[in-house]
Amino acid sequence: MTTPPALLIAGHGTRDDAGAEAFRAFVRELGRRRPDLPVAGGFIELSPPPLGEAVAELVRRGVRRFAAVPLMLVSAGHAKGDIPAALAREKERHPGLTYTYGRPLGPHPSLLRVLERRLAEAVDPSWDPAEVTVLLVGRGSTDPDANAEVFKAARLLWEGRGYAGVETAFVSLAAPDVPSGLERCARLGARRIVVLPYFLFTGILPDRVRTQTEKWAAAHPDTEVRSADIIGPEPELLDLVLERYEEAVRGDLRMNCDSCVYRIALPGFEDKVGLPQQPHFHPDDDGHHHGHGHGHAHSHSHAH
């Protein structure tokens, strides 16, 4: 029987200790779910262990093939550039190592079900959904393609669920910000607003969403505003990561690159077309033990 490739989970990283531990606990749970697979996980930045250490752990366990899944909701700079470049570096560090790269989680129907559940937890059961406006708040990116994916998730969440509307905002790097998103909801006539963070785990940015929401609500007492919880390590998320793993192993990736700034000249982003990518430097990474791989540029790839 052929041994299946190992599973490597690539996380964004956070300065929030609880958020980093939630990621590590999630990786451990994946390992318990699939005892037939070596499973490891690491971060691109901010949190230990770095991605290179996770790869080294798999190599120590005898792994020669793995599939990497980015534990990210949208395909922004980390998923498009930093992780592929870091994986290319690890291949240089560990001769004979091969890998495939999966796609981000995206607005998958199972995640939409979790978001719907978070909304149900946040509202009064007596409320009519037709009287509720939802503000879906994403991380925010300098990549327009990534921001557009959050708008897509908002539209898919709205379809067929009967809410008055689902608006979109971002907590960093992109407009509209949270106060502006709430103001838009109010100007559209909303009297009941639920702010829904589009985040997998707790952390500094989801906390900032809640703080900004509470500040706006205090200044607008005529509008009822509630905060929903993050997605969290739900069974649907575990299943989806394993689905993305199986896609990567089969080579069935179906990546959509029609609006990627590294391939298409979008207004204001023309300089990014074909831009070489470099591994994101992690201060805990021991790259100097293996040669300075983090200084090598690699062409951007969506792992087609």
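## Nonpolar cores

A nonpolar core is here a set of buried Ala, Val, Leu, Ile, Met, Phe, Trp, Tyr and Cys residues that are joined through side-chain atoms within 4.5 Å. In this predicted model, the largest such core has 51 residues, and those with the most contacts inside it are Leu7, Ile9, Leu30, Leu71, Leu136, Tyr198 and Val241. Helix α8, which spans residues 235-250, supplies the largest share of this core, namely seven residues.

## Leucine 71 and alanine 10

When neighbours within four places in sequence are left aside, leucine 71 is in contact with Ile9, Ala10, Phe23, Phe26, Leu105, Leu200, Phe201 and Val241.

Alanine 10 belongs to strand β1, residues 6-11, and its relative accessible area of 1% lies under the 20% cut-off, so alanine 10 counts as buried. Beyond neighbours within four places in sequence, the residues in contact with alanine 10 are Phe23, Gly42, Leu51, Val69, Pro70, Leu71, Met72 and Ile83. Between alanine 10 and alanine 79 there are 8.8 Å in space, C-alpha to C-alpha, although the two are 69 residues apart in sequence.

## Packing of helices α6 and α7

Helix α6 (residues 178-187) packs with helix α7 (residues 204-219) at an angle of about 45 degrees, and their axes are 9 Å apart; because of this angle, α6 is oblique to α7. The crossing in which α6 passes α7 is right-handed.

On the α6 side the contact is made by Val178, Pro179, Leu182, Glu183 and Ala186, and on the α7 side by Val209, Gln212, Thr213 and Trp216. By class, the contact has six nonpolar, two polar and one charged residues.

Notes:
Residues are numbered from 1 along each chain as its sequence is written. This is a predicted model: local features need pLDDT of at least 70, side-chain atom pairs count only at pLDDT 80 or more; totals for chains, interfaces and linings use all residues. Side-chain values use heavy atoms; hydrogens and water are left out. Buried means under 20% relative accessible area, exposed over 50%, partly exposed in between (1.4 Å probe, protein chains only). Helices (H or I, at least four residues) and strands (E, at least two) are DSSP runs, numbered from the N terminus. Contact means heavy atoms within 4.5 Å. Axes are lines fitted to C-alpha atoms, for helices over the stretch in contact, and angles run from 0 to 180 degrees between N-to-C directions. Angles under 35 degrees count as roughly parallel, over 145 as roughly antiparallel, 65 to 115 as roughly perpendicular and the rest as oblique. A crossing is left-handed if the near helix is turned anticlockwise from the far one by less than a right angle, and right-handed if clockwise. Ala, Val, Leu, Ile, Met, Phe, Trp, Tyr, Cys and Pro count as nonpolar, Asp, Glu, Lys and Arg as charged, and the others, Gly among them, as polar.
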